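Please view the sequence and the structure together while reading.

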Amino acid sequence: MRSIHPALPILLAAGVLAGCGPKAGGDGKAGAASAPASAATPANLATTSKGAPQRRDGYWELGSYSVDGSQMDKQFYCVGAGSEEKYNVFEALAVVGNCSKKDFTRTAAGWTFETQCKLMDTTTTQTGTISGDFQQSFTIDQTVSQGPNQSIKGTIRGKRIGDCPANFKPGDLVDAKGEKIGNLLG
């Protein structure tokens, strides 16, 4: 079995949970002290019809960070025109394979979650927290496990960097070089 990458479900959305990245170690705290925290999650935050936090329309940078705070990957996502109803943070965390568990619970600080998805013969479990103001930033701290001896901890930080560029439309996922990977809305 290959090592897993905690950001693939949200960043690649259609990829297999097998990528780069070391196994978790250290003190187990996702995101090092050098990583900026997202703003507190407001109680009156707008949510989708499925109860997911609704990101403000615009161009979002999505960075994945290892447990020591070093950046592992970066992509961009264009939000707008109702895209959050079709593909929001909850869907991104439970997109790969057949998911038998998709539990998202609202808390005073944001959300906790646990997903369990199976793709071919591999079952992957994700647990963690989601927080932020979703107007300018959000953070997902997560542990992704494939079996009892293979897990990795990491953080995904989303940051709104402005309006979507004219050449991109809502749902477009863009790589770190600025090239469109695909559209997540279908």
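## Basis of the description

Two strands are said to pair if DSSP finds at least two bridges between them. By that criterion, strand β1 (residues 58–66) and strand β2 (residues 71–79) pair, for eight bridges join them and they run antiparallel. Within this pair, Y59 has C78 of β2 as its bridge partner. The model described here is predicted.

## The sheet as a whole

Nine strands make up an open sheet with antiparallel pairing, in the order β3-β4-β5-β6-β7-β1-β2-β8-β9. The edges are taken by β3 (98–107) and β9 (180–183); each has a single partner strand, so one side of each is left without a neighbour in the sheet. From one strand to the next, the twist averages 20°.

In a regular strand, side chains alternate between the two faces of the sheet.

## Two hairpins around β5

Strand β4 (residues 110–119) pairs with strand β5 (residues 122–132) in the antiparallel sense over nine bridges. W111 stands opposite I130 of β5. The hairpin of β4 and β5 has two residues between the strands, and M120 takes a positive phi near 55° there.

Strand β5 is also joined to strand β6 (residues 137–145) by eight bridges, again with an antiparallel course. Here G132 has F138 in β6 as its bridge partner. The hairpin formed by β5 and β6 has four residues between the strands, and F134 in the turn shows a positive phi of about 60°.

## Salt bridges

The whole structure contains seven salt bridges. In one of them, D163 is joined to R160, with the closest N and O atoms 3.0 Å apart. D163 counts as exposed at 63% relative accessibility, whereas R160, at 12%, counts as buried. Elsewhere, salt bridges that share partners link K101, D103 and E114 into one network.

K101 is partly exposed, with a relative accessible area of 27%. D103 is likewise partly exposed, its relative accessible area being 38%, and E114 counts as partly exposed at 29% relative accessibility.

Terms used. Residues numbered from 1 in each chain as written. Predicted model: local features only at pLDDT ≥ 70, side-chain atom pairs only at ≥ 80, totals over all residues. Heavy atoms only, no water. Axes fitted to C-alpha atoms, helices over the stretch in contact; angles between N-to-C directions. Salt bridge = Lys/Arg side-chain N within 4 Å of Asp/Glu carboxyl O. Buried < 20%, exposed > 50% of the residue type's maximum accessible area, 1.4 Å probe, protein only.
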